[in-house]
Amino acid sequence: MSDKRDYYAVLGVEKTASAEEIKKAYRKKALQYHPDRNPGDKEAEAKFKECNEAYEVLSNDEKRSRYDQYGFAGVDPNFNPNAGFGGGFGGFGDAFSGFGDIFGDLFGGGSRRSANGPRRGEDVGARLELTFEEAAFGAEKEVPVARIETCAKCGGTGAEPGTTPETCPTCRGTGSVRTTQNFMGMTMQSTSACPKCGGTGKIIKTPCSTCRGKGKVRRSTKIPVNIPAGVDNGQTIRIRGQGCSGANGGPAGDLLIEVSVGRHPLFQRQGADVLCELPITFTQAALGAELEVPTLDGKVRYTIPEGTQTGTVFRLRGKGIPLLRSKSRGDQLVTVVVETPTRLTKEQKELLRRFGESGSGSQPKIAKFFEKLKQNFDK
């Protein structure tokens, strides 16, 4: 599936697009690439099929929800979100699920999952872009989310207001039916979802006009989120209960927000520490100076000693990133970069020559280097 394109990109819509926007985009693309309009064009034919595949998923609330959460794997016919047994042994639970009912009936034990029991709603993913400062100090943001919610018109019953669902006559409201089979001379019973009501235990004769009897609707909304101070790029924030609505009284899923932090023109982040470079003049490095240093809290004054070399790092304690859910903060590490003067006047050049000729004693590292070089040539 690695060669597939994102379904939203195929139709040219945002992830929060409504069902009507998706339908409109599909019609436009389908007309553009329809084989009748592009006879013999293999590329157009491939794009037409791609549009159909994307629309088939995004126009179905359940498939779209699985695609939003799991990607292409979520709409694979063999997909099972509950598969896995510590890695490498996925699928055993479902492979033997039918035997649980049989053995439970035979030996009077075991547990049976109700077809219409409470089910937790699916989680919903979202991506949020933050500035460097917002990630450092926290922020209140609104996150656009497309999720499955309980239909407000029917209250989740699926029936048009003024009507009520009827108890399924086949399963008598249990949502499951029991079948009897003969196996090796023994009578065995198994339980499965009722085929008439689909396991709900109810028959809706007058479906709700809004949700069409599903009791759920897909809705785009904005969730207010309090971003904690100190969150870093790539981290995920979990907002409990803000995902898709549960079924049959089950809890809602969670909202999982992946954070993307923008670059800062001056600062870089290293864990809880902030890094920056501070350019200074040759004169400031040689004579020392009191400098204004930019920090996330504003400018602070710092005095560098005379003879400061390029690459020297000094630390401003407590001027870094706040630690998540803590009152502590990292530090700011400032690297000094001595700028070599350019575009000197004749007078300035002459002064530098005289300074250089005044003796190398003022520059012990250079003097030591040339002394070693001389000794090497003398050999």
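**Exercise 1. Locating T206**

In which loop is T206 found? Work out also whether T206 counts as buried, exposed or partly exposed, and which residues T206 touches.

*Solution.* Keep in mind as you go that this is a predicted model.

Step 1: Look along the chain. T206 lies in the loop that runs between β6 (202–203) and β7 (216–227).

Step 2: Check the accessibility. T206 has a relative accessibility of 38%. Buried needs under 20% and exposed needs over 50%, so T206 counts as partly exposed.

Step 3: Look for partners. Leaving out residues up to four places away in sequence, T206 touches G158, A159, E160 and T163.

Step 4: T206 and G162 are 44 residues apart in sequence, while their C-alpha atoms are 9.6 Å apart.

**Exercise 2. Two arginines with positive phi**

Find where R212 and R343 sit, and describe their phi angles.

*Solution.* Start with some background: most residues other than glycine have a negative phi.

Step 1: Take R212. Its phi is near 60°, a positive value in a residue that is not glycine. R212 is in the loop between β6 and β7, and it counts as exposed because its relative accessibility is 72%.

Step 2: Take R343. Here phi is about 55°, again positive without the residue being a glycine. R343 belongs to the loop between β15 (332–339) and α9 (346–357). With a relative accessible area of 84%, R343 is exposed.

**Exercise 3. How two pairs of helices pack**

Describe how α3 packs with α2 and with α4.

*Solution.* A helix pair is described by the angle between the two axes and the distance between them.

Step 1: Begin with α2 and α3. Their axes come within 9 Å and cross at roughly 165°. An angle over 145 degrees counts as roughly antiparallel, so α2 is roughly antiparallel to α3. The crossing is left-handed.

Step 2: List who makes this contact. From α2 come I22, K23, Y26, K29, A30 and Y33, and from α3 come A44, K47, F48, C51, N52, Y55 and L58. Sorted by type, these residues give nine nonpolar, one polar and three charged.

Step 3: Move on to α3 and α4 (residues 61–70). These helices pack at about 100° with their axes 6 Å apart. The range from 65 to 115 degrees counts as roughly perpendicular, so α3 is roughly perpendicular to α4.

Step 4: List the residues again. E56, V57 and L58 of α3 meet K63, R64 and Y67 of α4. This contact has three nonpolar residues, no polar ones and three charged ones.

**Exercise 4. Exploring the nonpolar core**

Which members of the largest nonpolar core touch the most other members, and which helix supplies the largest share?

*Solution.* Nonpolar side chains tend to be buried together in soluble globular proteins.

Step 1: The largest core has 20 residues, and Y7, L11, V13, I22, L58 and Y67 touch the most other members.

Step 2: Trace the core to its helices. At least two residues come from each of α1 (7–11), α2 (19–33) and α3 (42–58). The largest share, seven residues, is supplied by α3.

Step 3: Zoom in on Y7. Beyond its neighbours within four places in sequence, Y7 contacts E53, A54, V57, L58, Y67, F72 and V75.

Step 4: Look elsewhere. A second, separate core holds 19 residues, including V124, V143, I223 and C244.

Conventions: Residues are numbered from 1 along each chain as its sequence is written. This is a predicted model: local features need pLDDT of at least 70, side-chain atom pairs count only at pLDDT 80 or more; totals for chains, interfaces and linings use all residues. Side-chain values use heavy atoms; hydrogens and water are left out. A nonpolar core is a set of buried Ala, Val, Leu, Ile, Met, Phe, Trp, Tyr and Cys residues joined through side-chain atoms within 4.5 Å. Buried means under 20% relative accessible area, exposed over 50%, partly exposed in between (1.4 Å probe, protein chains only). Helices (H or I, at least four residues) and strands (E, at least two) are DSSP runs, numbered from the N terminus. Contact means heavy atoms within 4.5 Å. Axes are lines fitted to C-alpha atoms, for helices over the stretch in contact, and angles run from 0 to 180 degrees between N-to-C directions. Angles under 35 degrees count as roughly parallel, over 145 as roughly antiparallel, 65 to 115 as roughly perpendicular and the rest as oblique. A crossing is left-handed if the near helix is turned anticlockwise from the far one by less than a right angle, and right-handed if clockwise. Ala, Val, Leu, Ile, Met, Phe, Trp, Tyr, Cys and Pro count as nonpolar, Asp, Glu, Lys and Arg as charged, and the others, Gly among them, as polar.
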